[in-house]
2 protein chains.
Amino acid sequence: MPGPDPVCTEPTPSAAHGGPVSIALARVARMHRIAAGRRLKELELYPGQEMMMMRLWDRGPVRQSELIQSLGLDASTVTKMLQRLEQCGHVRRGPDPADRRAVLVEATDEGRALRAGVEGVWTDLEQLSLSGLGPEDRAELARLLGLVAENLREEAGEAGECPPPPGVC
Amino acid sequence: MPGPDPVCTEPTPSAAHGGPVSIALARVARMHRIAAGRRLKELELYPGQEMMMMRLWDRGPVRQSELIQSLGLDASTVTKMLQRLEQCGHVRRGPDPADRRAVLVEATDEGRALRAGVEGVWTDLEQLSLSGLGPEDRAELARLLGLVAENLREEAGEAGECPPPPGVC
DNA sequence: ACCCATTGATTGGCCGACCAAGGTAATCTG
DNA sequence: CAGATTACCTTGGTCGGCCAATCAATGGGT
């Protein structure tokens, strides 16, 4: 090292010098999550629940195990989250007649009523995050994020599959 | 709408159509965090603690309030995290002679010993995430993340400041 | 000097996330 | 068909995060 860096230059912790993009990604992801959390709070949703609800909006009554697979979460996480969502009326759960150990989950009408709000959160977040970025930069960012996702997919499992609804496709 | 979309096309929840980049960002951030978590577990660190330790490595004994400000976390989060880090010997805490309600925090030698491992996590993560990306793409990704961070900074406060160590600069 | 607002830190509660362990039902196997 | 294995879910524990309420110490106003 030819000489010590001048003092007072790094907002970034020096121990992360080996991963500048990773640190930037972690930072922006955190801010993004905070911004999302604020907006979800106004819908009376906790961060994380929006993904669950979106899954339920897209597919009808679903086995809980399929939600676990689809969201890539731990089974216990899904159990507890669904208990809370059920208790506040956003979700309905019942036994699966075809498999007595499985549980079928479904969004209630009240749960479905949140959809417009959540869509608004995503578009609002997109508009805020990408303000000042031209269509070109946006496409480039999407492409690069896709590449990183591909790189990480092997190690950190996929969190958005599309197991075809049986009978279709 | 001219006709329903063909079934079985969207790994992405349809309610997020208004924020494709935001959804991609959330996805890659989650995978990134999982990959980081795996590596930190081998160092016997929980995700989140690495940021705390990095702050402590860079600055010597720090007031807890400064850590809170610097990490952008809630005061209670920092209190509990430091209690655990202290209990397992990575951190030492003591009263501030200049302000009897403040607490001075410092990394122990054992805590400092984690630094190489954490640096390795960041470089390893960077290498994994950006595999296959040329220097050009990496720079572009860093630039775009910087822009997004700038956009989010107003709402989701800064999480990496550099209040100059008093006396220097 | 006194009172009061501000700052620093802690506690308790809640939620999302994980792991480990357990229980029940279905399925595979001999 | 009985026994072992696997799949599905639940419970209890821990940790990182937040909010609300609390306490102690500092500092400013009059």
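Author: A polar contact is a pair of N or O atoms within 3.5 Å; within protein, one must be able to donate a hydrogen and the other to accept it, and residues adjacent in sequence count only if both atoms are side-chain atoms. This is a predicted model, in which local features need pLDDT of at least 70 and side-chain atom pairs count only at pLDDT 80 or more, while totals for chains, interfaces and linings use all residues. Residues are numbered from 1 along each chain as its sequence is written, chains are lettered from A and ligands numbered from 1 in the order in which they are written, and side-chain values use heavy atoms, with hydrogens and water left out.

Reader: What makes the pair between the side chain of A:Gln64 and a phosphate oxygen of DNA strand D a polar contact?

Author: An N or O atom in the side chain of A:Gln64 is 2.9 Å from a phosphate oxygen of DNA strand D, and the limit is 3.5 Å, so the pair counts. For the side chain of B:Arg84 the corresponding distance to a phosphate oxygen of DNA strand D is 2.5 Å.

Reader: Why is the relation between chain A and chain B called a two-fold axis?

Author: Chain B can be laid on chain A by a turn of 180° and a shift of 0.0 Å along the axis, with an RMSD of 0.0 Å (least squares on the C-alpha atoms of residues with pLDDT of at least 70 in both). That is the relation of a two-fold axis.

Reader: Which residue of chain B comes closest to the rotation axis?

Author: B:Ala29 does, with its C-alpha at 3.0 Å.
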